[in-house]
Amino acid sequence: MSKVSPCLWFDGEAEEAAKFYVSLLPDSRIEKVQKNTVDSPAGKAGSVLVVEFTLAGQRFMALNGGMRMEYTDAVSFVIDCADQAEVDRLWDAILAHGGKAEQCGWIRDRYGLAWQITPSALPKYLGGSDKAGAQRAMQAMLGMVKLDIEGLRRAYEGKSAA
């Protein structure tokens, strides 16, 4: 287990959010649900205080902090996707559960947390040895909402869209 893990702040939705997150990726599970033993600003006795969970092998904590705290783009979670099918599946799952599509592969879930649904191939196109190709791929990416691997490849190679 990692010595450092992210703690996500929620207003009564920690367990719901953790269950959703672990449904997205393999090697994910709820580890522990801790309840409030007394009434507190975080909730009444018996309500969920903390959920410890593992998401794709990374430990997280979800805390019901007692009031809404907004997430910013200063912190986001990147999911490295092997192929377009994985990009599409994750994107669609987050959208279907109240998410909001943003730009360049960014999507915000219903709780306000920002995710980057990123294909593993992206660095090959943005950082490839063909500088003109990398520039074309960058311009293509800037015009995308959900990232399209084939569109990035075609842009890098200087081929027009099919």
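Asp-27 lies in the loop between H1 and E2, and its phi is near 60°, a positive value in a residue other than glycine. This is a predicted model. Its 4-stranded open sheet has the order E1-E4-E3-E2 with mixed pairing, and helix H1 (residues 14–24) lies across E1, E2, E3 and E4. Elsewhere, helices H4 (residues 131–142) and H5 (residues 149–157) pack with their axes 7 Å apart.

- Most residues other than glycine have a negative phi.
- Ala-56 takes a positive phi near 50° in the hairpin of E3 and E4, where 2 residues lie between the strands.

**The sheet and its helix**

- The strand order E1-E4-E3-E2 describes an open sheet of 4 strands, and the pairing is mixed.
- Strand E1 (7–10) and E2 stand at the edges and have a single partner strand each, so one side of each lacks a neighbour in the sheet.
- On average, and with direction ignored, neighbouring strands of this sheet are turned by 20° against each other.
- Strand E2 (residues 29–35) runs antiparallel to E3, and 6 bridges join the two.
- In that part of the sheet, Lys-35 stands opposite Val-48 of E3.
- E3 also pairs with strand E4 (residues 58–64), in the antiparallel sense and over 6 bridges.
- Strand E3 (residues 48–55) is mostly covered, with 7 of its 8 residues buried.
- Helix H1 lies across the strands E1, E2, E3 and E4 and runs at about 10° to E3.

**Packing of H4 against H5**

- Two packed helices are described by the angle between their axes and by the distance between those axes.
- For H4 and H5 the angle is about 145° and the axes are 7 Å apart; the crossing is right-handed.
- H4 contributes Gly-133, Ala-134, Arg-136, Ala-137, Ala-140 and Met-141 to the contact, and H5 contributes Leu-152, Ala-155, Tyr-156 and Glu-157.
- Grouped by class, the residues of this contact are 7 nonpolar, 1 polar and 2 charged.

**Cysteines**

- The structure holds 0 disulfides.
- Cys-81 is in no disulfide, and its nearest cysteine sulfur belongs to Cys-104, 15 Å away; a disulfide would require the two sulfur atoms to be within 2.5 Å.
- Cys-81 counts as buried because its relative accessibility is 0%, and buried means under 20%.
- Cys-104 is also buried, with a relative accessible area of 18%.
- Cys-7 is partly exposed, at a relative accessible area of 44%.

Terms used
Residues numbered from 1 in each chain as written. Predicted model: local features only at pLDDT ≥ 70, side-chain atom pairs only at ≥ 80, totals over all residues. Heavy atoms only, no water. Axes fitted to C-alpha atoms, helices over the stretch in contact; angles between N-to-C directions. Left-handed = near helix turned anticlockwise from the far one by under 90°. Contact = heavy atoms within 4.5 Å. Nonpolar A, V, L, I, M, F, W, Y, C, P; charged D, E, K, R; others polar. Buried < 20%, exposed > 50% of the residue type's maximum accessible area, 1.4 Å probe, protein only. Pairing = 2+ DSSP bridges.
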